[in-house]
Every structure is written in C-alpha cells, then in structure tokens.
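Hi,

Here is the structure I promised to pass on. Have a look at it first, and my notes on what turned up follow below.

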Amino acid sequence: MQITIDGIQTSAIAAGKEYLRLPSFWLESIRRCPLTRGGLTLPDPTGEEIQRISKGNAVTVVMGYRGEAPGCWQAEVTWVRPGTQHQVELGLVAADAAFARKRFTEAWMHETPEAILRRVLSAAGIVPGTINAPGCTLPRFAVSNENVWQIAEKLELTCQQAFAIDTSRWALFMDSTGTAHWGDMDAPDQTSVPGVVTGGNLIVHSPATDAAALGQVETFLLPHMRHSHQFRLQDMYRGVSGLYRAQRVRHEVTGHKARTFLWYGTEHGRY
C-alpha cells in the first residue's frame, strides 16, 4: 500500500525498483546552502534491499495529493544503513551536489563576475540560467582549488568589499530542471504561489524572536515548495500578512502525518 494521509500519496524508485510503501521520507533545502538533502526509509523484510542499493544509485521520490500534479524529486544515494523493524535507510543529495564536485585553479583579468561564474558553471557541466550582473569589472580575480559554490561566494564577497555592492540577498541555487541561477531572485521554476492561512492550512506559526532569527511556519504538505520559492502567509491572530521568500523548506512524511515547514525573514549578509 502507498502512504495515504488525507489523500496524500508517496512512492519512490530507488536503483531501478519501485516502492509503493514508504515508512518515512524527509527533504530539506536551504537558500545559500550548497546541497538539497533528503532521507528515505524503505521496507527491507528480507535484507535484500540493503545489499542491492549502494552509494551513487539514482532515486526518484514522488509525493502529492490524489488528483493533483505531484512533486517529483530526483537525487542520488550518499549512504546506506540498516534501519529498524526490517527497514533500510538512505541518505540522499540532489543534483546541486554538482556545485561542489569540480575544482578550479584559474585567474582572470578585467572580467565581470557574471562572466566568471558562467565560465565555471559551464566547465562543471552545469547549465547557467539567470546570472545577474553586479555591475562591476574585477581588475584581477584568482581561485585555487575551489569549487563552483566557493567561487560564487568569493565573487559575492569581492563585490561587497571592493565595490560596496550589497550582496546580502544573493544566492547561487539550482532549480528543478538542473539549471543554475545567481543573484537576488526567487526561483523561476515556481508555477504557483501557495497560501498558508489561519483557519485553513496554518498549523503553527512561530515568528522570529530577534532581528537575526527567522520565523517558522508549519503547514500541511506543500509538495512543490523548495527554498527561494514564494508563499503567502496570513496569520490573523498575530497580524502577519504578506508575501515571503522561503529561506528554508523541510518536508516530512511518515505513516502518521505529512507536514511542510517554512522559514522566512530578513536575509542578512554573511561576510
């Protein structure tokens, strides 16, 4: 049987085999973090699955509501370990792991940040999408044994410190198609903006406790939400209403419940 929680269904294909019963699954993405990570628990009553699945195998997880387009997440296995009650647990990472795989040692003169980033993205086999231009030219820029993610951060730091360009809201991220984007922008692959509303799907709202913290929202499963997507929050009891960019998104699905947790708030500089 599939997990069915008020019309929610999940399934997975791991190393070429389909599983229609998932004891648990979680998925987390964080803006300005290089990896989208997940964890998947599969039934393994005979002990065969832990022998069959190995690091590097492809995994596809599908989750959503009956009668609606489901969310689909593609990943690869990073570790395999025994679970409890005849189960096997998998650690997963998404395609954005490519940001950290290839390393570069190069130098540029009189080049723009966006041109440098496009160069290293293409060399790493990553398709560049919307790459914003900070509006400056770097007299010199060098990297030594650094990956794409580190180069993007170094470019942001250089723009901020050498040219006084505010990059506190900038991020390098990959959308659901595997295309990379860089800048102060929302994810362009979002097709609709969900609402989280008092009296509807708002379960818990914990506003930020200080200027450096993020507010947190717990709601029912929003299968398409990832970091850098937008959502509308309307909490009539706390007087909070607005459109927010998700800084962190975590989905948790078990045999008892299916939840999405959203973090939102001010994006602060990291340097």
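The lining of the largest cavity splits into eight nonpolar residues, one polar and one charged (Ala, Val, Leu, Ile, Met, Phe, Trp, Tyr, Cys and Pro count as nonpolar, Asp, Glu, Lys and Arg as charged, and the others, Gly among them, as polar). Before you read on: this is a predicted model, with local features needing pLDDT of at least 70 and side-chain atom pairs counting only at pLDDT 80 or more, while totals for chains, interfaces and linings use all residues. Residues are numbered from 1 along each chain as its sequence is written, and side-chain values use heavy atoms, with hydrogens and water left out.

Back to that cavity. It holds about 40 Å³ of space, and the whole structure has one cavity of 30 Å³ or more. By cavity I mean a set of points, on a 1 Å grid over the protein atoms alone, where a 1.4 Å probe fits but cannot get out; a pocket is an open set with protein on both sides within 12 Å along at least five of seven lines, and lining residues have an atom within 4 Å of a point. Grid points are joined across faces, edges and corners, and a volume is the space filled by probe spheres set on the points. Among the residues lining the cavity are Trp149, Asp96 and His227. Strand β12 gives the most to this lining, with three residues (strands are DSSP runs of E, at least two residues, numbered from the N terminus).

The largest pocket comes to about 920 Å³. Of its 42 lining residues, Cys72, Ser176, Asp189, His224 and Arg226 are the closest to the centre. β7 (71–82) is one of the strands that supply at least two lining residues, and with six, β7 gives the most. By class, the pocket lining has 19 nonpolar, 16 polar and seven charged residues.

Now for β20 (258–264). Seven of its seven residues are buried, so β20 is largely enclosed by the rest of the structure (buried means under 20% relative accessible area with a 1.4 Å probe, protein chains only). Ala258, Thr260, Leu262 and Tyr264 point one way, and Arg259, Phe261 and Trp263 the other. β20 pairs antiparallel with β16 over six bridges (pairing takes at least two DSSP bridges between two strands), and there Phe220 has Arg259 as its bridge partner. Six bridges also join β19 (248–254) to β20, again antiparallel, with Arg248 opposite Trp263. A hairpin of three residues links β19 to β20.

Cheers

How values were computed
Helix = DSSP H or I, 4+ residues; strand = E, 2+ residues; numbered from the N terminus. Buried < 20%, exposed > 50% of the residue type's maximum accessible area, 1.4 Å probe, protein only.
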